[in-house]
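Reader: I would like to learn how to read a structure. Please take me through one.

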Amino acid sequence: MASRVLLTGMELGVFDALDQGHDDVQALCAALRTDPRATERLLNALAAMGLLTKDDDGRFGNTVEAWRFLVTDSAECQTGALRHYANLWRSWSTLTEVLRTGAPVRRADTSPQEDATASFMAAMEYFARQRAPEVARSIDLADAERMLDVGGGPAIYSIEFCRRYPNLRATVFDLPAVLPIAREHIEDARLSDRIELQSGDYCVDEFGAGYDLVLLSSILHSNSEEQNRELLTKAFRALGPGGAVLIQEFVVDDSRTDPPGAALFGINMLVNTPLG
Ligand SMILES: C[S@@+](CC[C@H](N)C(=O)[O-])C[C@H]1O[C@@H](n2cnc3c(N)ncnc32)[C@H](O)[C@@H]1O
């Protein structure tokens, strides 16, 4: 219940509207073009969840947490990533149907919204910023000169690896729609001279040759076993002598129930991909 209330508040723009001073129900409804009775109920629920304050006159405001993470103007705003969860909500709601047919459901009302690439990349950025430093520490690349980041998305891993290893240059390989987002992050990190972009489809295109490292971070889970065998064969072909393939993935143990997060992530692939 709380997740749905939060996502709807974010989708409607409640937190931005409050930040802009629309702090009573009437003003908010006018700004958001919503129904007053329903809006008041949502605002009360958000206040009950600790995301909004409510004063004795019935005026609402953002709490510090809401301001930090849910207002677009905040440097720490996470609504891009949350939009990805709103998209996932649509596909997860088809789970019962997927269990009957064994295949993901593709309908207009379950398809990702327009900004799906941007929100997907925002979510990938959010996780990568937490994980990339540890992944970069997990391997010694002091002698490495070239890495290939297959499906590198927002390029956060390439950026982290290049920061840690000054002799390293990276190539971020991804679909064309994603590369402008990667470019923005690389420019922000001032690493355009060491990280290049390669547009392609990893199911179809070759990767080139001579890499010291091929990184497959959160890539294999989307594909079938056969696709992954081909992908790994291609990754090995792209390595120079002494090179390595580094895989970061959700991995379940032999029971297939542990760790719980990985077991649940399997459901995410079930509802969103044909064979992952
Ligand atoms: C789950 S994200 C992982 C992003 C990044 N590696 C990370 O760990 O943060 C998967 C990435 O693979 C890319 N991708 C998916 N299918 C692809 C394909 N056929 N060819 C190239 N890239 C693809 C997506 O655009 C996305 O950036």
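**Domains, ligand and backbone**

Author: The centres of domain 1 and domain 2, taken over C-alpha atoms, are 40 Å apart. Domain 1 covers 2-76 and domain 2 covers 130-248, with bounds from an automatic or database domain assignment. The model is predicted, so local features need pLDDT of at least 70 and side-chain atom pairs pLDDT 80 or more, while totals for chains, interfaces and linings use all residues. Residues are numbered from 1 along each chain as its sequence is written, and side-chain values use heavy atoms, without hydrogens and water.

Reader: Which residues are the closest to the ligand?

Author: A residue is near a molecule if one of its heavy atoms lies within 4 Å of it. Here 16 residues surround the ligand, and the closest are G151, D174, D201, Y202 and S217.

Reader: What lies 2.8 Å from a nitrogen atom of the ligand?

Author: A polar contact is a pair of N or O atoms within 3.5 Å. A polar side-chain atom of D201 is 2.8 Å from a ligand nitrogen. For S217, a side-chain N or O atom lies 2.6 Å from an oxygen atom of the ligand.

Reader: How should I read phi and peptide bonds?

Author: Most residues other than glycine have a negative phi, and most peptide bonds are trans. In this model R190 has a positive phi of about 55°. R190 counts as exposed because its relative accessibility is 73% (exposed is over 50%, buried under 20%, partly exposed in between; 1.4 Å probe, protein chains only). The bond between D258 and P259 is cis, with omega about -5°.

Conventions: Polar contact = N/O pair within 3.5 Å; in protein donor to acceptor, adjacent residues only side chain to side chain.
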